[in-house]
Amino acid sequence: MQYVANTEADKLEMLRTIGVKSFEDLLSGIPSGLRVAPSGLKLPAGMSEMELLGDLKKRGQRNQHADRNACFLGAGVYDHYIPAIVGHLATRGEFITAYTPYQGEASQGTLQAIYEYQTMICLLTGMDVSNASMYDGATSVAEAVLLALRGSDRKKVVLSELLHPETIQTVRTYLTDIPCEIVLAPHQGGKTGLDSLKKLTDSSTACVVYQNPNFLGYVEDTADLSAVASAAGALVIACVNPLSLSILASPGETGADVAVGDGQPLGNPPAFGGPHFGFFAVKEAHMRKLPGRISGMTQDKEGKRAFVLTLQAREQHIRREKATSNICTNHMLCALKGLIFLATLGPNGFKRMGELNVQQSHKAFDKLTKLPGVKPLSGAAFFNEFTLTIDKDPKALAKAFEAERLIGPLHLGRFRKDWQNAHLIAVTEQRTDEEIDRLADAIRKA
Amino acid sequence: MSKLIFEKRSLNQGDHLPAPEKGFDASKFFPASARRKSGTHLPESAELDVVRHFTRLSQQNFCVDTNFYPLGSCTMKYNPKVNDQITSWPFYGRIHPYQAESQVQGMLQIIRELESQLGEILGMDAFSLQPAAGAHGEFAGLLMVSAYHKANGQKRTQVLVPDSAHGTNPASAALCGYEVVTVKTDAKGRVDIDDLKAKVGPLTACFMLTNPSTLGIFETNIQQVTQIVHAAGGQVYYDGANMNALLGIARPGDMGFDVVHVNLHKTFAVPHGAGGPGSGPVGVKKHLEKFLPYPRLKEVSGGELAWDYDRPDSIGRLRSFYGNAGAFLRSYCYIKALGAQGLKEVSVNAVLNANYLKARLAKHYDLPHDEHCMHEFVCSAKRQKAKGGVRALDIGKRLLDHGLHAPTVYFPMIVEEAMMIEPTETESKEVLDKFADVMIGIAHEAETNPQVVLDAPTKTPIKRIDEVLAARKPNLRWTPAAGSAPKLADANLTTSNTCCA
């Protein structure tokens, strides 16, 4: 299957117009020693569309997926309901095959969608300004830390140790060559310990980063954490689950300066971890330090409302090595799905989704904690995810889950030695009472 | 223009999901301090109104599916629909990154095979698919270069980039704490060897280069360039943005590059998505392999694949999970459908199309480097600017009136009034002829009636945008307190899709 469009006759005529005898003449600038051998690349021959579909179907059938199995895995990626119109609208060719909207007059659709997306993120997070999206939640946290360090004499970065472990790893990578010190604030009873945070945070602290709900699923005392950081003059960076903001206090309500997170719960399928989108919003004071693209409302020369990429003096294509970030390609299409998802649900539907997560997760919690050998790791409040310690062999548990056609929960032993018996359980609005019963059965039988 | 979704109002029942059980009160599970106090102020629209809103927005975009889109260095080729279809299947869309590896062998095999296909196409020893975009791949590549020098006990503080480089190159170098040193381009549009020799030295960590260059010219002396940098102890980085010129023709690995990234959303047909997501796999030669981001795939018993996190020399993790799997799938399908011969045909037609357009425009626009180009070329509106005051920007806007997207303008920065044109292989001669005819017509207008070009566009939903106002008085969101967005002159609410004809 090929997608080229010139006929042989066209090609000959084109070569004539160019004024060369053969196509090879056009490649005369490439030294012959560098040419791929005439036998070509060592790759198989191509195939028809029909054969391709057959092959990819066969390969796909080797994957266990959430259409056939009840998914209790979370830890940053959740199996949420996506209204039918999200996929329908977001996969329109006019969105999916457009480029970055540098030519404003030919890209008003994308630019207005970005403006609306920025508004949506600000409304949810309680921030003033949002950019047009980042790669994911982990890189958003890393870029937020860079924002805090840039132009500051403060070189200490305090991370709650209950950030997603992969977020902490990503931050470490981003800071490899940046002079600073990373300190982890330990947890206490399933939440970031307030006393130890106080001890760690001082006049050399550039920022304090927490996640809500945290990696174990528990709701942090966000206002208290923010207060500790702000009192020391450090920037407060809140990494939040956007769906939880239907029920839980927004970063803006609880003293954050920067709100970031992963937008996957908003209309993006799990997709093996990507692509999803990161969101990044700040209080107005930090507007000109934002990484990435921003759409602004303005007018055209006739005074009509118009949208355009703006504040570009922060970006790599203008500022090169002095840019606030190297980000260029972002995750616009995934952000668009988030926007359409929220516009479709509306305030009532969004709240309802949040409530259903609370309802089903607490049902599961009540059921599972009654089982022998099963205990909650903490008594703290949770949204749609919680951690249980289960006195059973994790391998036997994994087998029992598979036998009951369940995906997950997540055994946390891989992340920390003292979490050998801990399991993180996500229960979204899609998990039925019957599936929760099956999860309980599987644990009992293991 | 369309109203904002926030300015519309109709009945939204909020009933895509069932109601919670009778008497259920979510708030009782949370202390008051943890609960949201403010409303979300999300828009309220009936489903049909949401569908119309976003359908109308989409119609205000140019896109590959509707318009010729010759943006230089962006490779706006056709994105096969079959790849979108496959990606949406539940056994690819509804799999979780933390499922046991035994449950996702189909996906893992695809990742492994794509890694090795890219290795063969680019001539590299190992690939990681983790980077989310080209700039992310650059970041990964430079971190590996730093790790390599550190491991050799060397402190090198400079990254060289040509003056024609993409903006992400210096920005990525800065992110890794490097000082950026610019290398000049010679009169023929290639790396100035003397300037390179003068600037390379014991402080050089890396030279970042794209080949063909952003001028669309193959670096004929590329082996000499890589030898010079290697002799000084530096590494050479290949920015794969222009790889669409070289599939099955030449390989960066054979030219002496140590580390590369490739944009799956350019060369390998992942749609650009109005700005993303893309994917920027990073490839290395053997001596850098141990520094690749973790986790890596490894073979375990019975030919099964598993993630290996035990990579002590790795630069670390660049993002969550394993990368943009949706992009991997599309590119995997693309490579599989085309095969070795089909991939070569891509570059053959991309180079032919670019040279044909260049030949057709040669008399009408200045060509800073008049030799055969690869997949793209740069021409200049210098002549038009001097005669009638028509600039590259204006020509781009005038193209929009003809339903043709503008080329990349004012890049590379070393060419005055630059217009960088990349037609790609998926366009036919018929489309190229239409574009050439329009461009020649605009050159004529620029001489005889420049005002019509300066006034363009006139057929798009809006006219020229006031960018200065946008930057001076940033209006970056709608605010519920004000009730509506700041009132500008009356918006024309009829929708036009003339631009997508």
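Start with strands S2 and S10 of chain A. S2(A) and S10(A) pair in the antiparallel sense over two bridges. Strands pair if DSSP finds at least two bridges between them. The strands themselves are DSSP runs (E, at least two residues), and helices are runs too (H or I, at least four), numbered from the N terminus. Strands of a sheet pair through backbone hydrogen bonds, either parallel or antiparallel.

A word on the model and its labels. This is a predicted model, in which local features need pLDDT of at least 70 and side-chain atom pairs count only at pLDDT 80 or more, while totals for chains, interfaces and linings use all residues. Residues are numbered from 1 along each chain as its sequence is written, and chains are lettered from A and ligands numbered from 1 in the order in which they are written.

**Stop 1: strand S10 of chain A**

Select A:Ala281. This residue is the bridge partner of A:Ser130. Now select residues 278–282, the whole of S10(A). Five of its five residues are buried. Buried means that 20 or more other C-beta atoms, placed from the backbone, lie within 10 Å of the residue's own; 12 or fewer means exposed, and in between is partly exposed. A:Gly278, A:Phe280 and A:Val282 point one way, and A:Phe279 and A:Ala281 point the other way.

A:Val258 sits opposite A:Val282.

**Stop 2: the whole sheet**

Show the strands of chain A in the order S2-S10-S9-S8-S7-S3-S4. These seven form an open sheet with mixed pairing. Which strands stand at the edges? They are S2 (129–130) and S4 (181–185); each has a single partner strand, so one side of each is left without a neighbour in the sheet.

Go to S4(A). Strand S3 (residues 156–160) runs parallel to S4(A), joined by five bridges. A:Lys156 stands opposite A:Glu181. Next, select helix H9 (residues 222–231) of chain A, which packs on the sheet and touches S7 (205–212) and S8 (235–240). Its direction makes about 175° with that of S7(A). Contact means C-beta atoms, placed from the backbone, within 7 Å. Axes are lines fitted to C-alpha atoms, for helices over the stretch in contact, and angles run from 0 to 180 degrees between N-to-C directions.

**Stop 3: where the chains meet**

Select H1 (residues 8–18) of chain A and H10 (residues 325–361) of chain B. Their axes are 9 Å apart, at an angle of about 45°. H1(A) and H10(B) are therefore oblique. Under 35 degrees counts as roughly parallel, over 145 as roughly antiparallel, 65 to 115 as roughly perpendicular and the rest as oblique. Find A:Lys11 and A:Met14 among the H1(A) residues, and B:Leu352 and B:Tyr356 among those of H10(B) that they meet.

Now widen the view. The contact takes 185 residues from chain B and 166 residues from chain A. H10(B) gives the most to the chain B side, with 23 residues.

**Stop 4**

Finish on their contact, which includes B:Met107 and B:Ile110 of H4(B), and B:Phe328 and B:Leu329 of H10(B).

Key:
Contact = placed C-beta atoms within 7 Å.
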